[in-house]
Amino acid sequence: MKVKLLVCLAAVVLCGCKKENVTAQNITEKLYVTIGEETRSVTMEDNVGTRALMAALQTENITYVAHDYGNFEKVGALGQSFPTADNQVTTSAGDLVLYNGNSICIFYSSNSWSYTRIGKLDNMSADEVRQFVNAGGGDVTVTLSLQPIYTGIGEHSSDKPNHGPAYTITGQIAPEGYKGIVIHDGKKRIQR
């Protein structure tokens, strides 16, 4: 009886580990956060909450409204719950955490609490983070995605001077007569 129990327990542990390893291999390294017309990348932590969030984002982007809280974070409810791996942490500007399994906090100052770390905004100073999240400036709409969201694309106008080739969004020189999104003179445009 004890042997059967140990064999069953070992099978459960091994199955759980095998499933966990498959999930971990499928995690995406970057998350993208868009507020207004600006999109920033996030280097992700690897934990159960992050993996569940990334799996949900494979289906569709998550958009929510975030508000200032405690003069140190923007927080907003995601509309769904994710598993947590809470640890006592001290945050700094740019940290993203999952709070109570159903809210994301983007910190623009420091706080200590028990959170599930999601990741950190890439290459941003504390002042840049405060500006990005509109710290102290009221509610913002936040979109989480697996791909960058490009905004502010203008119309291509033929009366503008041509200072070099236009490039497709894949980085190739746009052939003559190309229709679609191009990068020209450092700006994104729709070429018709």
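With which residue does Lys30 form a salt bridge, and how far apart are the closest N and O atoms? The partner is Asp122, at a distance of 2.6 Å, where a salt bridge is a side-chain nitrogen of Lys or Arg within 4 Å of a carboxyl oxygen of Asp or Glu. Lys30 belongs to strand β1 (residues 30-35) and Asp122 to the loop between β8 (112-121) and α3 (126-132), so this contact ties together parts that are 92 residues apart in sequence. Helices (H or I, at least four residues) and strands (E, at least two) are DSSP runs, numbered from the N terminus.

The model is predicted, with local features needing pLDDT of at least 70 and side-chain atom pairs counted only at pLDDT 80 or more, while totals for chains, interfaces and linings use all residues. Residues are numbered from 1 along each chain as its sequence is written, and side-chain values use heavy atoms, leaving out hydrogens and water.

Lys30 is partly exposed at 28% relative accessible area, whereas Asp122 is buried at 14%; buried means under 20%, exposed over 50% and partly exposed in between (1.4 Å probe, protein chains only).

Across the whole structure, 6 salt bridges are found. One of them pairs Arg117 with Asp95 (3.4 Å, N to O). Arg117 sits in strand β8 and Asp95 in strand β6 (residues 95-99), so the pair links parts that are 22 residues apart in sequence. Asp95 is buried, with a relative accessible area of 3%, while Arg117 is partly exposed at 26%. Through shared partners, salt bridges join Asp95, Arg117 and Lys120 into one network.

Arg40 and Glu38 also meet in a salt bridge (2.9 Å, N to O). Here Arg40 is partly exposed, at 22% relative accessible area, and Glu38 is partly exposed at 32%.
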